[in-house]
Amino acid sequence: MRIASADELDRAARILEKAFAQVPAVAGLIPRRLRAKGGLLELCRYCVEFVFQGGGTVYFSDDENGVCLVQDTRTFRLDGRASVRIHLRIAHRGLGWGGAMKALARKIALARLRTREPQLYVWMIGLEDLTLGRQTIFEFRKSLFGLSDRLGLPIVAENAEAGNRLVFTRFGFECYRETKWLGQPVWFIRRDPQA
């Protein structure tokens with residue numbers, strides 16, 4: 001796993017676009033009229049840029065097939081002007097005003113339900129090729145678990161896919177909260193650092 005540079009934003013966004021194209025919780029944020037016009041790619045660009053701007057870390061897998069967006073909540077801070085600029089762009093280019101407000105409302109609502117302790121928050125993990133992605137997932141797991149253990153911080157994430165919830169459980173995560181957002185289930189998961 002390697003740290004991406006800011007000039008690799010588009011490459012990371014394209015991997016996430018492929019990974020999330022069939023995820024109802026993500027596709028539901030994008031108005032139908034904008035789906036064919038690159039709305040999902042713009043949403044993924046927004047996510048990657050948001051992490052870069054706030055001081056989070058974007059990782060590529062060694063095979064360049066996967067991307068992982070991580071925020072250390074002790075240090076993640078987004079400048080107000082940068083936040084406004086990013087949100088205006090996603091409203092104009094990707095989601096429209098209604099979709100942007102829905103995405104922002106979702107982000108705020110889920111953040112309020114998330115544990116408040118210092119953590120490594122994994123915002124997104126995406127694989128370009130799901131058929132070859134098993135090794136990439138193992139790589140991310142090993143690297144993130146090692147980082148969590150070294151820093152003494154739990155790994156926290158949300159998941160809206162039932163199949164992924166099972167995978168996370170097998171990897172040692174526990175579900176500490178469950179809710180629904182726009183009719184879609186969302187599971188809050190965490191894994192404590194190991195001594």
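Visitor: Which residues form one aromatic cluster?
Guide: A pair of aromatic rings is described by the distance of the centres and the angle of the planes. In this predicted model, Tyr46, Phe50, Phe76 and Trp123 form one aromatic cluster.

Visitor: How many aromatic pairs does a search of the whole structure find?
Guide: The search finds eight aromatic pairs. Take Phe50 and Trp123 as an example. Their ring centres are 5.3 Å apart and their planes stand at 70°, so the pair is edge-to-face. Planes over 60 degrees apart count as edge-to-face.

Visitor: Where in the chain do Phe50 and Trp123 sit?
Guide: Phe50 is in helix 4 and Trp123 is in strand 4.

Visitor: Is Phe50 buried or exposed, and what about Trp123?
Guide: Phe50 is buried, and Trp123 is buried too.

Visitor: At what angle do the rings of Phe168 and Phe173 meet?
Guide: Their planes are at 80° and their centres are 5.1 Å apart, so Phe168 and Phe173 make an edge-to-face pair. Both Phe168 and Phe173 are buried.

Visitor: Which ring does the charged end of Arg141 sit over?
Guide: The charged end of Arg141 sits over the ring of Phe171. The distance to the ring centre is 4.4 Å. Look at Arg191 as well. Its charged end sits over the ring of Phe145, 3.8 Å from the centre.

Visitor: Now the salt bridges. How many does the count come to?
Guide: Side chains of opposite charge can pair when their charged atoms come close. Here the count comes to 12 salt bridges. One of them joins Glu128 and Lys18, at 3.3 Å from N to O.

Visitor: Which parts of the chain does the pair of Glu128 and Lys18 link?
Guide: Distant ones. Glu128 is in the loop between strand 4 and helix 6, and Lys18 is in helix 1. They are 110 residues apart.

Visitor: What is the relative accessible area of Glu128, and why does Lys18 count as exposed?
Guide: Glu128 has a relative accessible area of 26%, so it is partly exposed. Lys18 counts as exposed because its relative accessibility is 51%. Exposed means over 50%.

Visitor: Which residue forms a salt bridge with Glu117?
Guide: Arg190 does, with the closest N and O atoms 2.0 Å apart. This pair also links distant parts of the chain. Glu117 is in the loop between helix 5 and strand 4, while Arg190 is in strand 7 (residues 184-191). The separation is 73 residues. Glu117 is partly exposed, with a relative accessible area of 26%. Arg190 counts as buried because its relative accessibility is 11%.

Visitor: In which strand is Glu174, the residue that pairs with Arg190?
Guide: Glu174 is in strand 6 (residues 174-181). The side chains of Arg190 and Glu174 meet in a salt bridge of 3.7 Å, N to O. The two residues are 16 residues apart. At 41% relative accessibility, Glu174 counts as partly exposed.

Visitor: Which residues do salt bridges that share partners join into one network?
Guide: The network holds Glu117, Glu174, Arg190 and Asp192.

Visitor: On to the pockets. What is the volume of the largest pocket?
Guide: Rolling a probe the size of a water molecule over the atoms shows where empty space is left. The largest pocket has a volume of about 1300 Å³.

Visitor: How many residues line the largest pocket, and which lie nearest its centre?
Guide: The lining has 47 residues. Phe20, Ile125, Asn159, Asn164 and Phe168 lie nearest the centre. Several elements give two or more residues to this lining, among them helix 1 (9-20), helix 4 (39-54), strand 4 (120-127) and helix 7 (162-170). By class, there are 33 nonpolar, five polar and nine charged residues.

Visitor: How much space lies in the second largest pocket?
Guide: About 420 Å³. Its lining has 18 residues. Nearest the centre are Gln71, Thr73, Phe76, Ala111 and Arg114.

Note on methods: Residues are numbered from 1 along each chain as its sequence is written. Side-chain values use heavy atoms; hydrogens and water are left out. On a 1 Å grid over the protein atoms alone, a cavity is a set of points where a 1.4 Å probe fits but cannot get out, and a pocket is an open set with protein on both sides within 12 Å along at least five of seven lines; lining residues have an atom within 4 Å of a point. Grid points are joined across faces, edges and corners, and a volume is the space filled by probe spheres set on the points. Helices (H or I, at least four residues) and strands (E, at least two) are DSSP runs, numbered from the N terminus. Ala, Val, Leu, Ile, Met, Phe, Trp, Tyr, Cys and Pro count as nonpolar, Asp, Glu, Lys and Arg as charged, and the others, Gly among them, as polar. Rings of Phe, Tyr and Trp (its six-membered ring) pair if their centres lie within 6.5 Å; planes under 30 degrees apart count as stacked, over 60 as edge-to-face and the rest as tilted. Buried means under 20% relative accessible area, exposed over 50%, partly exposed in between (1.4 Å probe, protein chains only). A charge sits over a ring if NZ of Lys or CZ of Arg is within 6 Å of the ring centre and within 35 degrees of the ring normal. A salt bridge is a side-chain nitrogen of Lys or Arg within 4 Å of a carboxyl oxygen of Asp or Glu.
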